[in-house]
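Hello,

Here is the structure I promised to pass on to you. My notes on what turned up in it follow below.

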Amino acid sequence: MISNVVNNKQAGLSEHPHLTSSSEATPHFTLAELCKTKVNLRNVPNEEQVENLKRLCGWLEQLRRRWNNLYGEGDDPIVINSGFRSPEVNKAVGGATLSNHLTGCAVDIRCVGIEQALRYAVILLDISDMNREDYDELLIEQKAHSYWIHFAVKASCNRRRTNFIR
């Protein structure tokens with residue numbers, strides 16, 4: 001399991017019955033890691049947002065499994081930069097006003113270069129096609145020499161928006 005250092009008390013996670021540092025959403029992802037933040041603000045999802053995060057984790061498990069089968073060392077983690085954001089956290093980090101992060105429907109996945117970002121994107125597209133499930137956003141994003149995948153899945157009305165953003 002990916003273990004991240006999360007200050008649960010600082011983020012307010014200890015106040016939520018389903019969000020302890022060991023609360024698993026799926027075998028390789030914890031709810032706490034999807035709610036971690038570097039800003040010193042409360043960041044606790046409600047029950048609906050927790051369900052959205054769990055839905056995302058199903059996709060992340062498939063991504064991890066396929067990545068490891070095709071390119072990984074067998075147990076490579078998928079590293080989450082950002083998941084759920086409270087309105088205060090979203091504002092502090094400069095997130096979009098209507099960001100899918102606010103509803104627990106989005107994650108930003110760390111990539112080691114453009115090649116990994118492209119491979120992750122292709123795997124997620126394949127998962128969507130194979131499962132006949134749409135995603136809302138699949139964006140390859142770049143800032144300076146850093147790359148990440150912004151991936152969002154909503155309970156309904158997914159737009160299948162795909163783009164490269166610099």
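**Aromatic residues**

Tyr71 has a relative accessible area of 38%, so it counts as partly exposed. Please keep in mind as you read that this is a predicted model. The ring partner of Tyr71 is Trp67: the two centres lie 5.1 Å apart and the planes meet at 45°, so the pair is tilted. Trp67 itself is buried, with a relative accessibility of 9%. The whole structure holds 4 aromatic pairs, and the one between Trp67 and Tyr71 is among them.

Another tilted pair is made by Tyr135 and Phe151, with 5.9 Å from centre to centre and 40° between the planes. This one joins distant parts of the chain, 16 residues apart: Tyr135 sits in the loop between α4 (113–131) and β5 (137–143), and Phe151 in strand β6 (residues 146–152). Both Tyr135 and Phe151 are buried. Together with Trp59 they make up one aromatic cluster.

**The sheet**

You will find an open sheet of 5 strands, with mixed pairing and the order β3-β4-β6-β5-β7. Which strands stand at the edges? They are β3 and β7 (161–165); each has a single partner strand, so one side of each is left without a neighbour in the sheet. From one strand to the next, the twist averages 25°.

As a reminder, strands of a sheet pair through backbone hydrogen bonds, in either a parallel or an antiparallel sense. Here, β3 (residues 80–82) and β4 run antiparallel and are joined by 2 bridges. β4 also pairs with β6, again in the antiparallel sense, over 6 bridges. Another facing pair is Ile80 with Ile109, the latter in β4.

Two helices pack on the sheet. α2 touches β3, β4 and β6, and its direction makes about 25° with that of β4. α4 touches β4, β5, β6 and β7, with its direction at about 15° to that of β6.

Is strand β4 (residues 106–111) largely enclosed or largely open? Of its 6 residues, 5 are buried, so β4 is largely enclosed by the rest of the structure.

**The nonpolar core**

The largest nonpolar core has 31 residues, and Ile109, Ile149 and Phe151 have the most contacts inside it. At least two residues each come from α2 (47–70), β4, α4, β5 and β6. The largest share, 8 residues, is supplied by α2.

Leaving aside neighbours within four places in sequence, its contacts include Leu60, Leu63, Ile78, Val79, Tyr120, Trp148, Ile149 and Phe151. Ile80, the residue that stands opposite Ile109, is also on that contact list.

**Ser128 and its surroundings**

Ser128 lies in helix α4. Its relative accessibility is 2%, so it counts as buried. A polar atom of its side chain lies 2.5 Å from the backbone oxygen of Glu133. Beyond its neighbours within four places in sequence, Ser128 is in contact with Trp59, Glu133, Asp134, Tyr135 and Arg160.

**Backbone angles and one more pair**

Most residues other than glycine have a negative phi. Arg132, however, has a positive phi of about 55° although it is not a glycine. You can find Arg132 in the loop between α4 and β5. At 79% relative accessibility it counts as exposed.

Arg160 also has a positive phi of about 55° without being a glycine. Its place is in the loop between β6 and β7. With a relative accessible area of 30%, Arg160 is partly exposed. This is the arginine listed above among the contacts of Ser128.

Finally, how far apart in space are Glu48 and Gly104? Their C-alpha atoms are 8.3 Å apart, while in sequence the two residues are 56 residues apart. Glu48 is found in helix α2, and at 60% relative accessibility it counts as exposed.

Best wishes

How values were computed: Residues numbered from 1 in each chain as written. Predicted model: local features only at pLDDT ≥ 70, side-chain atom pairs only at ≥ 80, totals over all residues. Heavy atoms only, no water. Phe/Tyr/Trp six-rings, centres within 6.5 Å; stacked < 30°, edge-to-face > 60°. Buried < 20%, exposed > 50% of the residue type's maximum accessible area, 1.4 Å probe, protein only. Helix = DSSP H or I, 4+ residues; strand = E, 2+ residues; numbered from the N terminus. Pairing = 2+ DSSP bridges. Polar contact = N/O pair within 3.5 Å; in protein donor to acceptor, adjacent residues only side chain to side chain. Contact = heavy atoms within 4.5 Å. Core = buried A, V, L, I, M, F, W, Y, C linked by side-chain atoms within 4.5 Å. Axes fitted to C-alpha atoms, helices over the stretch in contact; angles between N-to-C directions.
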